[in-house]
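Here is a briefing on one protein model. Look at the structure first, then work through the points by topic.

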Amino acid sequence: MHGHEPYDVFLHKIAGFLGSYYLLLSLMNGVMAFILWQRPNQRSLLKLPGGLHLTDAFVWLLVALAFLLIAPLAYSGDPSIVSFITVPAAARAFINRMMNPTIYITGTFLLLLFFFLLRRFFVRPMVAWGLLNLSLLLMGMSIPDQNFAQIVTKPDNVPIVSMIFLLGFFTWLAAYRAVANDDRLKQGLEPLEKLDNEKVLVWPDLVYTELICMVAITAVLIFWGIALQAPLEDMASAVKTPNPSKAPWYFLGLQEMLVYFDPWMAGVVLPSLVLFGLMAIPYIDFNKQGNGYFTIDQRKFAYVMFNFGFLVLWVTLIVMGTFLRGPNWNFFGPYEVWDAHKVEALNNRDLSEFFWVDLMRSSRPRAPEGSGDFTKIGWAIYKELPGILLTIGYFTVVPPLLVVLSRFFQHLFIKMGFLRYMVMTNLLLFMALLPIKMILRWTVNLKYFISMPEYLLNL
């Protein structure tokens, strides 16, 4: 539970940081305006009276001035003044209500699909710069909220916030290069990577570059160590455990999967399938295009599947576990108090209960008293037969059904052959199993498709 100090005391503590934050944003946009102003042919966005033109440089200069005017308000630390540069309470309450697990995971997928379909618009440098400014402005306006600030300014979480922005930049950069290459290939030109394929020597070129990077990273780490307190906690004790008790950030995706799958499935089978799938890619991939250069048009299926698996099914789970999972592993909105007494009653039920109790209006089958081991196993299989048949059908019927219903998968089947096609589609079906299970848990409280805890078989 977040222990909050008086709000005016909190604002005075963060006033220096928040004001400097807006000054940095002002400087960042001022530099961008200067760079654009230096260009010989500036783009005119709008013709103003008097023969003046509204250019990109002028727009970002105005943005820099706006951030410069906001900075003194942030430095004041006065609640009545800071309220003008804070996300309104009604908006925060709405975001908290809307930020539930179902909307979060489906929303990230739809957002990724939206960016993919309109990628030619979003890869424009000025559009990307505008989105960066909006995201940084939203963060700045959110920091005056104590609940949000205590999460994102926690020393453990500061590098994760930084990595989110770095990941966004490199994802955009890859898409930008890919779109540029796709346009060049349509014109019959070589990709950009072919234009800069000059070989350089390890010494001195590479060694000098590594040395400069090493010095820069060392300086950053020294500054980091001075500016942020080490995230050290009390000595470990069996009678006093943290709530929530979280794994390191790079394991938070696995910890989130443990909510929906049995430990052997989430901790062993699914990670092993990820490694197996990565090793299998060279053997099941028949498309030889796109090797050595960025492209989307030539490898749309691979591009979408990779981004779905990495961004939606891994990165978003890390973000969820870091910022949205609070005490008792409950789900909290970004502006919500982490209340350790919050209780979410979840009546999780197995698929066999839905089938036998709700649909068949009977009790779930069970072995008679005094039955032998083989008889008990037979009754357990009979009880879980709906889930067993559904699981087998999911992995055996869906792949050929996709071939029948989709021309795209027909093309894949013809190119890959039966064995490679079945390996590829089953890997995709295992990947899709995670969001399916997550949504079923959040909507109908489905716990397991197959539940045989006495035989350590839960799926």
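The expected span of a helix is 1.5 Å times one less than its number of residues. Keep that in mind for helix α19. This is a predicted model. With 38 residues (407-444), α19 would reach 56 Å if straight, but its end C-alpha atoms are only 33 Å apart.

**Helix α19**
- At Gly417, α19 bends by about 120°.
- Ser406 caps the N-terminal end of the helix, with a side-chain oxygen 3.3 Å from the backbone nitrogen of Phe408.
- Asn445 follows α19 and has a positive phi, near 60°.

**Strand β3**
- Strand β3 spans residues 451-452 and includes Ser451.
- Ser451 counts as buried because its relative accessible area is 8%, and the cut-off for buried is under 20%.
- The side chains of Ser451 and Asn458 are joined by a polar contact of 3.5 Å.

**Salt bridges**
- Side chains of opposite charge can pair when their charged atoms come close.
- The model has 12 salt bridges.
- Arg119 pairs with Asp297, with the closest N and O atoms 3.0 Å apart.
- Arg119 sits in helix α6 (119-122) and Asp297 in the loop between α13 and α14, so this bridge ties together parts 178 residues apart in sequence.
- Arg119 is buried at 11% relative accessible area, while Asp297 is partly exposed at 26%.
- Lys186 also forms a salt bridge with Asp297, at 3.7 Å between the closest N and O atoms.
- That pair links helix α9 to the loop between α13 and α14, 111 residues apart.
- Lys186 is exposed, at 62% relative accessibility.
- Shared partners join Arg119, Arg120, Asp183, Lys186 and Asp297 into one salt-bridge network.
- Glu193 and Arg177 meet in a salt bridge of 3.3 Å, N to O.
- Glu193 lies in helix α10 (192-195) and Arg177 in helix α9 (158-186), so the pair ties together parts 16 residues apart in sequence.
- Glu193 is buried at 18% relative accessibility, and Arg177 is partly exposed at 29%.

**Nonpolar surface patch**
- A nonpolar patch on the surface has about 1000 Å² of accessible area in total, and its residues include Phe109, Leu117, Phe121 and Leu134.
- Helices α5 (101-117) and α7 (125-142) each supply at least two of its residues.
- The largest share, 7 residues, comes from α5.
- Leu117 belongs to α5 and is exposed, with a relative accessible area of 58%.

Definitions and conventions: Residues numbered from 1 in each chain as written. Predicted model: local features only at pLDDT ≥ 70, side-chain atom pairs only at ≥ 80, totals over all residues. Heavy atoms only, no water. Patch = residues over 30% accessible without salt bridge, like charges linked within 9 Å, V, L, I, M, F, W, Y side chains within 5 Å. Areas by Shrake-Rupley, 256 points an atom, 1.4 Å probe, with all protein chains shown as cover. Salt bridge = Lys/Arg side-chain N within 4 Å of Asp/Glu carboxyl O. Helix = DSSP H or I, 4+ residues; strand = E, 2+ residues; numbered from the N terminus. Buried < 20%, exposed > 50% of the residue type's maximum accessible area, 1.4 Å probe, protein only. Bend = angle between axes of the 7 residues up to and from the residue. Polar contact = N/O pair within 3.5 Å; in protein donor to acceptor, adjacent residues only side chain to side chain.
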